[in-house]
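Please study the sequence and the structure shown below.

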Amino acid sequence: MNLYNIRKLCGMLHTTKIAEKVSCSNKQRFSSSLVSCDIRRFIVENTEIVGEDTLTPEIKLRLLTPNCRFWHAKPELWPLPEPYWAIYWPGGQALTRYLLNNPGVAEGKQVLDLGSGCGASAIAASLCGASHVVANDIDNVSAIATIINCELNGIGPVECLTDNMIGSQPKRYDLILLGDMFYDEVLADGLHRWLDSCINTHGTTVLIGDPGRASFEEHGIKRLLRQIAEFELPKLVQRENYGLTCSTVWRYHPRL
Ligand SMILES: C[S@@+](CC[C@H](N)C(=O)[O-])C[C@H]1O[C@@H](n2cnc3c(N)ncnc32)[C@H](O)[C@@H]1O
């Protein structure tokens, strides 16, 4: 497994072959059958604590780095579903930086970080004094990584949910955070419809972080966004992300 494979998979999810999908769902079953203390140990033994080289050095995260043994191993040796949670994606980095720079955005709010991955944006919301934080990711390994990362940052665990909320009856959240969630057309379409129903029902504020991926730039939601911040990515993040230089935070302003 190396970063190239993870990123390539993320950018090309919609073209994934059936065989790859089958092996991935087998791994999903494998991770479901592992008890959380096994996964916890696996994460601690196979990741490194990172912070300095990201947009949010004040937040420490356990991530997959070149110092980890699986970084250099063959991808098929990785025993879990694709480790999106082990990467701090540029969209999430910008969104998290924006929250930390503007603590009033999350303070006192009910916050949902959807597609939370490593949990960085949820952790930032908690550090800013959100009244309740939910980290939602369909990968149950992400939930365990998020709890570990909460501990690393000296906060109590945020609530971690692993059901697919997209398309469900919207619950009351004041703020929904989406870091790098527009990498797949089908996912983005479903998300767009569901965000409209969240805003319609509860007047939820929606913030999106994205480094300008083609799938995001070309999506219909793009013309309904207002830019609220832009950050130059640290050099290491730029190198790891094949030339992406900036990451932007947008507020979704639909005409409903
Ligand atoms: C590119 S990663 C972004 C992670 C994090 N937001 C960040 O910026 O570092 C996308 C994440 O979305 C999760 N995901 C994909 N589909 C989802 C869904 N329907 N509901 C919740 N999470 C989902 C994946 O498991 C993955 O962790």
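Leaving aside its neighbours within four places in sequence, L99 is in contact with V105, A106, S121, A124, A125 and C128; two residues are in contact if their C-beta atoms, placed from the backbone, lie within 7 Å. The model is a predicted one, in which local features need pLDDT of at least 70 and side-chain atom pairs count only at pLDDT 80 or more, while totals for chains, interfaces and linings use all residues. Residues are numbered from 1 along each chain as its sequence is written.

L99 also belongs to the largest nonpolar core, where L99, A125 and I176 have the most contacts inside the core. A nonpolar core is a set of buried Ala, Val, Leu, Ile, Met, Phe, Trp, Tyr and Cys residues joined through C-beta atoms within 7 Å. A residue is buried if 20 or more other C-beta atoms lie within 10 Å of its own, exposed if 12 or fewer, and partly exposed in between, with C-beta atoms placed from the backbone. This core has 67 residues, and helix α6 (residues 140-152) gives the most to it, namely six residues. At least three residues of the core come from each of domain 1 (3-86) and domain 2 (90-252), bounds that come from an automatic or database domain assignment.

Helices (H or I, at least four residues) and strands (E, at least two) are DSSP runs, numbered from the N terminus. Helix α6 has 13 residues and reaches 19 Å from its first C-alpha to its last, close to the 18 Å expected at 1.5 Å a residue; the expected span is 1.5 Å times one less than the number of residues. Among the buried residues of α6 are V141, I144, I148 and C150. G154, whose phi is positive, near 70 degrees, follows α6.

I39 lies in helix α3 (residues 36-46) and counts as buried because it has 20 C-beta neighbours inside 10 Å. The C-alpha atoms of I39 and L80 are separated by 9.2 Å, although these residues are 41 apart along the chain. I199 is found in helix α7 (residues 185-202) and is partly exposed, because 18 other C-beta atoms lie within 10 Å. I199 and P254 are 55 residues apart in sequence and 8.6 Å apart in space, C-alpha to C-alpha.

Backbone angles deserve attention as well. Most residues other than glycine have a negative phi. D180, however, has a positive phi near 55 degrees; D180 lies in the loop between β6 (175-179) and α7 and is buried, since 25 other C-beta atoms lie within 10 Å. Y242, also not a glycine, has a positive phi of about 50 degrees. Y242 is placed in the loop between α9 (235-240) and β9 (246-252), and counts as exposed because it has 11 C-beta neighbours inside 10 Å.

Which residues come nearest to the ligand? Of the 25 residues around the ligand, they are Y84, G92, G115, G117 and G179, where a residue is near a molecule if its C-beta atom, placed from the backbone, lies within 6 Å of it. The shell around the ligand draws at least three residues from each of domain 1 and domain 2.

Finally, the whole chain may be described. The chain has nine helices and nine strands, and 41% of its 256 residues count as buried. Among contacts between residues at least 6 apart in sequence, 72% join residues at least 24 apart.
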